[in-house]
Amino acid sequence: MRAGIKWMFLIIGTTIGAGYASGRELWQFFGHESGLAILLFAVFFSLSCWVIMNLSFKNKSTHYLPVLRIIVGKRMSGIYDVMIFLYLFTTTVVMIAGSGATGQALNFPYWWGIGIMLMALIALFMKDINGLLSINQVILPPLLGGLVFVLLLFTIDQELQLFSHWREQRNWTAAFPFTALNILPLIAVLGAVGNKVKSIKEIWVACIGSGILLGSISYLYNNSLIQIADELLLYEIPLFAILQHYPVQMIIFISILLWLAIFTTAASGILGIVTRIQSYLNKPLWLIVLVTLVTMIPLTALGFSTLVSYLYPIYGVLNLYVLTRLLLFPLWYKQT
């Protein structure tokens with residue numbers, strides 16, 4: 001159970017980043033009439049994680065390429081290898097830009113937020129992969145608890161109905177691109193830890209637990225954002241549209257939690273990138289992290305919401321093939 005929870009936190013830490021925790025990613029895909037879409041997402045997400053972790057465990061993989069080859073086939077693996085690398089690179093840039101945006105919300109210069117994020121990432125990987133696994137177990141419980149607390153408080157204060165529109169589900173197809181968007185980084189991250197998983201029971205705990213938690217939080221979050229839809233255009237980070245109703249101390253507390261969410265996802269993205277590079281270069285992990293982060297700095301000038309608005313929908317569509325292969329895995333894998 002303890003080991004399964006450790007992997008569950010790694011999965012959630014990879015998923016709940018700047019786009020998700022801020023509400024920007026959820027609003028991009030869901031919004032009105034999306035209850036069924038979020039339920040489907042939770043199911044698809046758990047199934048996909050199980051397939052990825054199972055393959056990673058059986059192959060004792062230390063980077064994502066062996067797992068990717070099985071999922072998409074040898075012919076397509078070259079294309080998706082490049083695509084995963086670009087995805088991790090650009091989304092890590094989004095996380096770093098998100099750190100700058102969080103700093104701005106607290107009236108700090110944009111580049112201060114970016115600088116703090118870069119230094120924290122370099123320090124984390126001084127302890128190799130174990131540093132990331134350890135910090136996830138410390139950061140994620142208060143992060144998830146704080147986010148759920150704010151959303152429940154807002155739901156109660158505004159007297160929101162959680163299931164008032166359950167008959168209206170026209171946006172159910174959003175489950176597919178949203179799940180697809182979040183699956184590609186999980187292949188990269190879970191593919192790098194296959195040699196550390198000890199049993200199949202850990203995989204069940206991690207996959208079912210992460211699906212239930214993310215599905216529940218997504219539904220609660222989306223329901224809150226629907227109530228303030230008209231105000232969201234005014235905010236770079238939708239979560240702050242919810243927080244405007246509360247004291248400044250609450251805003252500071254949640255801003256810190258948001259930054260930690262951004263940090264865990266940036267760290268997961270960096271893990272996927274550097275373990276892949278390390279398969280070619282026999283260099284210390286922290287050195288590869290340093291060089292990678294330096295190349296990302298210029299792209300952060302594009303801004304957080306711009307990056308999310310354009311990149312996430314594109315990746316969501318491109319990853320649909322991978323999601324299809326994962327969901328139908330038992331059918332085609334036995335026949336190969």
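Trainee: What share of the residues is buried?
Mentor: This is a predicted model. Buried residues account for 58% of the 336 residues in the protein.

Trainee: And how many helices and strands does the protein have?
Mentor: There are 16 helices and zero strands.

Trainee: What is the radius of gyration, and what would a compact globule have?
Mentor: The protein has a radius of gyration of 19 Å. For 336 residues, a compact globule would have a value near 20 Å, so the two agree. Along the principal axes, the C-alpha atoms fill a box of roughly 50 × 45 × 35 Å.

Trainee: What about contacts between residues at least 6 apart in sequence: what part joins residues at least 24 apart?
Mentor: Of those contacts, 84% join residues at least 24 apart.

Trainee: How far apart are the mean positions of the positive and negative charges?
Mentor: They are 23 Å apart, with 18 positive and 11 negative charges in the protein.

Trainee: Let us pick a residue. Where is Val197?
Mentor: Val197 lies in the loop that runs between helix H9 (175–190) and helix H10 (200–227).

Trainee: Is Val197 buried or exposed?
Mentor: Val197 counts as buried because its relative accessible area is 2%, and the cut-off for buried is under 20%.

Trainee: Which residues is Val197 in contact with, leaving aside its neighbours within four places in sequence?
Mentor: Val197 is in contact with Trp7, Met53, Phe57, Lys60, Glu202 and Ile203.

Trainee: And how far is Val197 from Ile79?
Mentor: Their C-alpha atoms are separated by 28 Å, and the two residues are 118 places apart along the chain.

Trainee: A change of topic: how many disulfides are there?
Mentor: The count is zero disulfides. Cys49 is in none, and the nearest cysteine sulfur to its own belongs to Cys207, 5.2 Å away.

Note on methods
Residues are numbered from 1 along each chain as its sequence is written. This is a predicted model: local features need pLDDT of at least 70, side-chain atom pairs count only at pLDDT 80 or more; totals for chains, interfaces and linings use all residues. Side-chain values use heavy atoms; hydrogens and water are left out. Helices (H or I, at least four residues) and strands (E, at least two) are DSSP runs, numbered from the N terminus. The radius of gyration is taken over C-alpha atoms; the globule rule is 2.2 Å times the number of residues to the power 0.38. Buried means under 20% relative accessible area, exposed over 50%, partly exposed in between (1.4 Å probe, protein chains only). Contact means heavy atoms within 4.5 Å. Lys and Arg count as positive and Asp and Glu as negative; His and the chain ends are not counted. The place of a charge is taken as NZ of Lys, CZ of Arg, CG of Asp or CD of Glu. A disulfide is a pair of cysteine sulfur atoms within 2.5 Å.
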